[in-house]
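This report describes a ligand shell and a sheet. The structure comes next, and the text follows it.

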Amino acid sequence: MVKELHSDVSDKAAGIDVTDGFEPFAQRNDIFTRAFWDPAVRCARSDAFFASYRMEATPRRGDGFGQRDFALRNASWLISDVMTDRFADQGRREGFQAPISADTPVAPVALKVTDSNEMSREIKKVARFFKADLCGITGVDSRWHYSTRIDTRDLSDAPNNLPEGITSVIVLGHEMDADLVDTYPAATAGAATGRAYSQEAATVMQLAAYIRNLGYEAVPSMNDTALVIPYALQAGLGEYARNQMVITPQFGPRLRFSKIFTSLPLAHDSPKPQGVRAFCDICTKCAEACPVKALPFGPPEVGGTNISALKGVRKWTSDAEKCFGFWAKLASDCAICLRVCPFNRDFRKWHHRLWLRLALSPLRRVALWFDRGRGGRKKPGAWWSAP
Ligand code: SF4
Ligand code: SF4
């Protein structure tokens with residue numbers, strides 16, 4: 001096993017437990033890629049799931065699943081889709097199955113960086129300017145990079161290479177709309193996901209262009225190239241939870257992550273474990289709420305139930321086949337396990353910050369008790385009619 005860690009982050013501090021059986025993940029085993037080649041996943045329903053994103057085969061099942069709901073969801077994905085499809089004829093579904101191509105050359109003269117701490121501060125300021133909600137920086141760790149990516153023309157394995165000299169990974173968090181998340185499961189709610197992806201496409205491309213204009217390599221990346229969750233943990237943005245998400249002190253689990261691989265000299269952040277793991281140990285709300293029981297109830301374990309699980313890491317792992325099967329049935333994404341999570345709160349508000357302090361203290365059971373009755377589904381129709 002190669003561990004090429006340029007940062008000084010320890011696995012223990014990041015809450016990562018890698019065992020001897022670790023294997024880098026091949027992207028062809030990702031559940032969304034399997035939906036195109038694996039008969040165990042691909043079916044008429046999964047084909048209809050993807051078709052619904054083109055307004056084909058959209059079901060009509062009442063509140064949250066009407067034409068306007070799918071129209072909103074699909075429109076919210078538009079910017080991401082336009083970027084993703086640019087080089088489809090070359091087998092590159094960028095942002096998902098290939099890193100995003102550079103739109104700006106690297107400036108011939110590089111800005112001299114004398115203080116990497118100051119450079120990191122500036123990058124976070126520029127990330128914020130380009131609408132990132134969170135930004136953390138860590139070193140390259142090749143364990144999280146896909147062993148191979150996918151050429152989408154024939155679903156063959158393709159090399160997953162980055163330019164020489166990459167030393168840092170800038171991890172960006174993108175908040176999902178709270179009101180729409182409250183309506184999961186619904187096509188309406190899928191607009192929260194699509195809008196976050198469209199925003200992250202714009203943000204990573206602009207921030208990478210800024211770095212390239214400074215004279216350094218920068219590769220914008222969404223779900224492609226490497227697993228973003230361990231990078232978000234190493235960059236100190238949050239802690240890993242039972243629902244397979246990163247829980248952050250600002251937005252709980254209600255955000256998506258993107259990343260930029262760069263050669264710009266940057267100081268790295270450190271993980272800040274605060275007690276999410278201990279809270280998840282006493283809480284199973286996400287596992288109970290999952291309609292197909294795809295989330296585990298017990299402690300973190302090594303491996304999973306099928307080939308979409310990362311091998312050799314002790315962690316909470318969902319049954320991706322069950323989870324995606326439910327998405328296909330809905331013809332939309334599901335995030336019930338996000339909606340019901342007690343950390344799904346707006347921590348900009350003082351009373352939620354007070355709850356957070358309780359949840360991360362030895363009085364976490366009291367915090368869980370205070371959470372009873374929260375996390376119910378709001379009607380998508382109410383979202384449409386709200387002023
Ligand atoms: S996304 Fe839905 S189906 Fe998948 S694990 Fe979460 S609650 Fe279960
Ligand atoms: S619902 Fe409970 S167990 Fe699940 S991720 Fe949130 S805090 Fe952890």
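A residue is near a molecule or strand if one of its heavy atoms lies within 4 Å of it. This is a predicted model, in which local features need pLDDT of at least 70 and side-chain atom pairs count only at pLDDT 80 or more, while totals for chains, interfaces and linings use all residues. Residues are numbered from 1 along each chain as its sequence is written, chains are lettered from A and ligands numbered from 1 in the order in which they are written, and side-chain values use heavy atoms, with hydrogens and water left out.

**Ligand 1**

Around ligand 1 lie Cys290, Pro291, Val292, Leu295, Cys323, Phe326, Trp327, Cys334, Ile336 and Cys337. Two or more residues of this shell come from each of helix H12 (320-330) and helix H13 (336-339); helices (H or I, at least four residues) and strands (E, at least two) are DSSP runs, numbered from the N terminus. The most, 3 residues, come from H12.

**The sheet**

An open sheet has 4 strands in the order S1-S4-S8-S5, with antiparallel pairing; two strands pair if DSSP finds at least two bridges between them. Strand S1 (134-139) and strand S5 (218-221) are at the edges with a single partner strand each, so one side of each has no neighbour in the sheet. S1 pairs with strand S4 (residues 168-175) over 6 bridges, in the antiparallel sense. Leu134 has Gly173 in S4 as its bridge partner.

Axes are lines fitted to C-alpha atoms, for helices over the stretch in contact, and angles run from 0 to 180 degrees between N-to-C directions.

| Helix | Strands touched | Angle of directions |
|---|---|---|
| H6 (residues 116-129) | S1 and S4 | about 140 degrees with S1 |
| H8 (residues 187-213) | S4, S5 and strand S8 (255-262) | about 20 degrees with S8 |

Methods: Contact means heavy atoms within 4.5 Å.
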